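Have a look at the structure first, then go through the points.

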Amino acid sequence: MDLDLEFAPRDAAAHPPALAPIYRSTLLRAPRQPLLSLRSTLTEITGPIFGESELDPIDADLTRNHARDGDPIGERITLHGRVLDGDARAVPGVLVEIWQANAGGRYRHTNDSFTAAIDPNFGGCGRVITDAEGRYRFRTIRPGPYPFPNRENDWRPAHIHYSVFGQGFSQRLITQSYFEGDPLIARDAILGTMPDVAARQRLVATLDMEASAPFEALAWRFDIVLRGRGASRFESVA
Amino acid sequence: MSKLPETPSQTAGPYVHIGLIPRQAGFDIFENNLGAAMLTPETKGERIRIEGRIFDGADALVRDALVEIWQADAGGRFAHPADRQNGPPPDPHFRGWGRSGTDFATGVWGFDTIKPGRVGPMAPHASLWIVARGINTGLATRVYFADEDAANAEDPVLRMVEPARRFTLIAPRALRGGIPVYSFDIRLQGDGETVFLDV
């Protein structure tokens, strides 16, 4: 990987606009001034590095990393994929963190008051570092949908939140993955912030029978593409 | 140019704490809470605190956000292989990265860190990245230090900011219990809106 190449400009059309009235919370939280475009400086092409030794292998197994007196309720799944950059190069050695609701659509969070039950054996977060080919893998529970205050009777489709570090801080990404075939996807206000249907489709994890474990767990695949690198070499530190 | 389209950003939502700072969500799961502490006793440099609040377009406190910081060490070096500057190597006791949730009651976020050094022609600064419910793509900005007037005047990034908005990136300094505290309030929208960067 050529760490000295500048990152390509972020493709604004690939992301939701800051202000998207269909998602009410953006109304008072979206900046109104345009972002100030910068050429990358050393501050942006660098970023934090995490080591395997900082994590425990069980961190990537959400069916076990908070188990108290048994297994969590719900459908066990494998969730896996690769982290790539826009030039289709693997992004190895980067931290991937996920969080999610439990099988009933309830988050283990002091501010979540949805009436579905907390699962005593499910925390809802995990983390792993990508391997040399950029691959990551989690074992978890398929989350449930849940209602949220937005338009009248809005429900989130089942989804997994992802936080991904790249090789530079300007590749930093937080996103969500959904499950192929979920009828709530077409009704979702958060996905609806993106006018481009093809962009929404890139957030839908696909059923992966080849990676499933017979008599144990189905697998879903979700690849993540971070900004690529431009053609120009990073010059000095200005 | 790029061969693959980027994965779209999505809001971190109101429960970002579960994934990134689970203790604030109300439970303890990992032995090692990444980003919770930036310093060890061996870290070189002047101990400082950078803290602030976040306000929305109605001037209300944003209490459910998460802020990450990324900065150089006291010598102006980044703990990353792309930093090929000459001089002493980066401080092995400083990663330069941390994360903090805004307090659910007071809305205050903060980092106990060290004052970064100058990086080439750039004045000492720290990058911040803000995610929350209602923020579709993480917002990047920079903290500069009010006691660095001369360096700030030469900084190539600050000079790109229209003069009337530069104050939004410059944190005033005050002493609290002998420790310099730099205050950096962030305004997401409206009067005094913070300058956010497309980096």
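**Notes on salt bridges and the A–B contact**

1. A:Arg156 has a relative accessible area of 4%, so it is buried (under 20% is buried, over 50% exposed, in between partly exposed, with a 1.4 Å probe and protein chains only). Keep in mind that this is a predicted model, where local features need pLDDT of at least 70, side-chain atom pairs count only at pLDDT 80 or more, and totals for chains, interfaces and linings use all residues. Residues are numbered from 1 along each chain as its sequence is written, chains are lettered from A and ligands numbered from 1 in the order in which they are written, and side-chain values use heavy atoms, without hydrogens and water.

2. What does A:Arg156 pair with in a salt bridge? The partner is A:Asp188, with the closest N and O atoms 2.9 Å apart (the rule: a side-chain nitrogen of Lys or Arg within 4 Å of a carboxyl oxygen of Asp or Glu). The two sit 32 residues apart, A:Arg156 in strand β8 (residues 154–156) and A:Asp188 in the loop between β10 (173–179) and α2 (197–201) of chain A. Helices (H or I, at least four residues) and strands (E, at least two) are DSSP runs, numbered from the N terminus. A:Asp188 is buried as well, at 3%.

3. A:Arg89 is partly exposed at 29%, while A:Asp85 is buried at 1%.

4. Over all chains, the count is 29 salt bridges. Between chain B and chain A there are 5. B:Arg95 and A:Glu54 form a salt bridge, with their closest N and O atoms 2.8 Å apart.

5. How many residues does each chain put into the contact? Chain B gives 75 and chain A gives 90, contact meaning heavy atoms within 4.5 Å. About 7300 Å² is buried between them, 61% of it from carbon and sulfur atoms; that is the accessible area (1.4 Å probe) the two parts lose on being put together, summed over both. On the chain B side, B:Glu6, B:Gln10 and B:Tyr15 lose the most area to chain A, together 11% of what that side buries.

6. A:Leu36 has B:Leu197 as its bridge partner.

Notes
Pairing = 2+ DSSP bridges.
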